[in-house]
Amino acid sequence: MTNATIVRLTVRNGFGARRALILLALPLLLLGLAITVRSLVGVDPGATEGVVALGLTVVLPMVALVGSTSVLASEVDDGSIVYLLAKPISRHVIVVSKYVVAVAATAVFTVWPIALGAAIMAGDLASMLGYGLGTLLGCIAYCAIFLLLSTVTRHAVAAGLLYVLIWEGLLGGLLSGVRWLSVGHWAQALATSIADDVTLSESVGPAYAVIATAVVTVAALWLAGDRLRSFRLTGEE
Amino acid sequence: MTELVLEQVSRWYRNVVAVNNVTMRIGPGVTGLLGPNGAGKSTLIALMSGFLAPSSGTVTLDGTPVWRHEQLYRQIGLVPEREAAYDNLTGRQFVTANAELQRLADPDGATARAIATVEMQPVQDRRISTYSKGMRQRIKMASALVHDPAVLLLDEPFNGMDPRQRLHLIDLLRQIGDDGRTVMFSSHILEEVEQVAAHIEVMVAGRHAASGNFGAIRRLMTDRPNRYLIRSDDDRQLAGLLIGDRSCRGVTLRADDGLDVEAVDFGRFAVVLPQLAHSADIRLLEVRPTDESLESVFAYLVGA
């Protein structure tokens, strides 16, 4: 399902030193916050939940957005995507190859900081494992969604930001029903079930989280590939 | 033989028509797609290369629709107008990547051949970001030629080239056309098309305005007067004879020497002129069309 050349080109083209710094900034801030809060208030379940929630609903989607748009939206913007598309290669292979790079990059920059942050806050290894896996689950879904966005609109970054802030952030916090359709909540459900926290009463449950992630990911990637088959080169205005 | 066929193709964006009911067949050899900016050339190239769906009509390559048939890219090489390529790769890495994406058996060998064709060996190991416009154009050509496509489509390939690079590209396109490939390139600059293309398709304001070789396009415009500069050893007498024939409708004596002649019937004029001169024992020193450039044909078509 992947093409080694596309993976190689994507890595070389998408991730320069500057982008890596952007990707690194938020996770480092989160770690700094975890260390500060822990040293100020000690182990406190409320503070733990606040900090790791910040990791899963802000840091993770932001990094995933930068990671996903780096692998596709930038090539769509400058038109170099044409060199990939003018080839007898299945569009789904192109999408999946880029997706693999996006997930890998996002995971590299989010899994360990969020897991480490959870471990620092909660002071146990189960939290570290739980939040590590939860973050990975979030990477898988977010990257697929943002990749799809990159094929649907030329303003993928703005659309992604709106989605994260309004759906995942605002509505996800206000309306409890949104949790069934919120990647951040799925990640949290898996994380808390493993970390053996006081499981939130309104959690959607780990099984649902994993299945929902799988469904969303497959659907988003399939749609993205189909959109790419209908890719238009902008003609003269 | 590979043939690209457009059958009553239109393309509109909301209520703007970019391409209006175009029917053309593009066969082996070099075809120039000529037209001013905004005539719909890029839209047409996008339609032919499968990067745009026709709003109505069909675009087919040997019978297969181009839109949403990615397997056809085995036979199509596209040189897009935009310059962005993979800037942090070297020229050779870029072409090799294209060869690999085409799943060629020997990507390195194909890369070497394509780079040799465009004469980029001396700079093939430099990053594309350090290339001049002409070099970029050539490395894009190499990437489009690497899989030996039957059809090569180029969108404004001469843009930003200096005269030397231009000559090189002209030679290259001719050579590729002579190989029996179907080559189509767009241009708004007339002398480029005139120099390379055996066949010309003219687009004006989204419409297919004319088709044929330069002479054929010219002959289509029978109602259009042709202008000539004629110098002879007796201009004044020749002027009298010419105005006496119905193939001419205007003759002006130049202040220095020579005649400006406006002919209305090219076929007759070409036969009558030497006969008249011979009968009056006038020696023709020079007969030169003063508007026999694509530019004036084009101006005429655009004005029409």
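Let's start with a helix in chain B: in α1(B), the residues Lys41(B), Ser42(B), Thr43(B), Leu44(B), Ile45(B), Ala46(B), Leu47(B) and Met48(B) are buried. Please keep in mind, as we go, that this is a predicted model. For helix α1, residues 41–48 of chain B, the count is eight buried residues of eight, so the helix is largely enclosed by the rest of the structure. Just past the end of α1(B) you'll find Gly50(B), where phi is positive, at about 80 degrees.

So what does α1(B) pack on? Let me show you the sheet. In chain B there is an open sheet of four strands, and their order is β2-β1-β4-β5, with antiparallel pairing. At the edges sit β2 and β5 (64–65) of chain B, each pairing on one side only. Helix α1(B) packs on this sheet and touches β1, β2 and β4 of chain B, and its direction makes about 55 degrees with that of β2(B).

Now look inside the sheet. β1(B) pairs with strand β4, residues 56–61 of chain B, in the antiparallel sense, and there are five bridges between them.

While we're here, have a look at the loop between β1 (4–13) and β2 (16–26) of chain B, where you'll see Arg14(B). Most residues other than glycine have a negative phi. Arg14(B), though, is a residue other than glycine with a positive phi, near 50 degrees. Is Arg14(B) buried or exposed? It has 5 other C-beta atoms within 10 Å, and a residue with 12 or fewer counts as exposed, so Arg14(B) is exposed.

Asp281(B) is not a glycine, yet its phi is positive, about 60 degrees. You'll find Asp281(B) in the loop between α9 (266–279) and β14 of chain B. Asp281(B) has 9 C-beta neighbours inside 10 Å and counts as exposed.

Stepping back, let me give you chain B as a whole. Its secondary structure comes to 10 helices and 14 strands. The C-alpha atoms fill a box of roughly 70 × 45 × 35 Å along the principal axes. Of the 304 residues in chain B, 41% are buried. And among contacts in chain B between residues at least 6 apart in sequence, 68% join residues at least 24 apart.

Over to chain A, where I'd like you to look at two helices. The axes of α7 (residues 125–152) and α8 (residues 156–174) of chain A come within 9 Å and cross at roughly 135 degrees. That makes α7(A) oblique to α8(A). The crossing is right-handed. Where do they meet? Phe146(A), Leu149(A) and Ser150(A) in α7(A) meet Ala156(A), Ala159(A) and Gly160(A) in α8(A). By class, this contact has four nonpolar, two polar and no charged residues.

Last stop: the contact between the chains. How many residues does it take from each? It takes 22 residues from chain A and 30 residues from chain B. On the side of chain A that touches chain B, α1 (4–14) and α5 (81–85) of chain A each supply at least two residues. The largest share of that side, four residues, comes from α1(A). By class, the residues of chain A on that side divide into nine nonpolar, six polar and seven charged.

Technical notes. Residues are numbered from 1 along each chain as its sequence is written. Chains are lettered from A and ligands numbered from 1 in the order in which they are written. This is a predicted model: local features need pLDDT of at least 70, side-chain atom pairs count only at pLDDT 80 or more; totals for chains, interfaces and linings use all residues. Two residues are in contact if their C-beta atoms, placed from the backbone, lie within 7 Å. Ala, Val, Leu, Ile, Met, Phe, Trp, Tyr, Cys and Pro count as nonpolar, Asp, Glu, Lys and Arg as charged, and the others, Gly among them, as polar. A residue is buried if 20 or more other C-beta atoms lie within 10 Å of its own, exposed if 12 or fewer, and partly exposed in between; C-beta atoms are placed from the backbone. Axes are lines fitted to C-alpha atoms, for helices over the stretch in contact, and angles run from 0 to 180 degrees between N-to-C directions. Angles under 35 degrees count as roughly parallel, over 145 as roughly antiparallel, 65 to 115 as roughly perpendicular and the rest as oblique. A crossing is left-handed if the near helix is turned anticlockwise from the far one by less than a right angle, and right-handed if clockwise. Two strands pair if DSSP finds at least two bridges between them.
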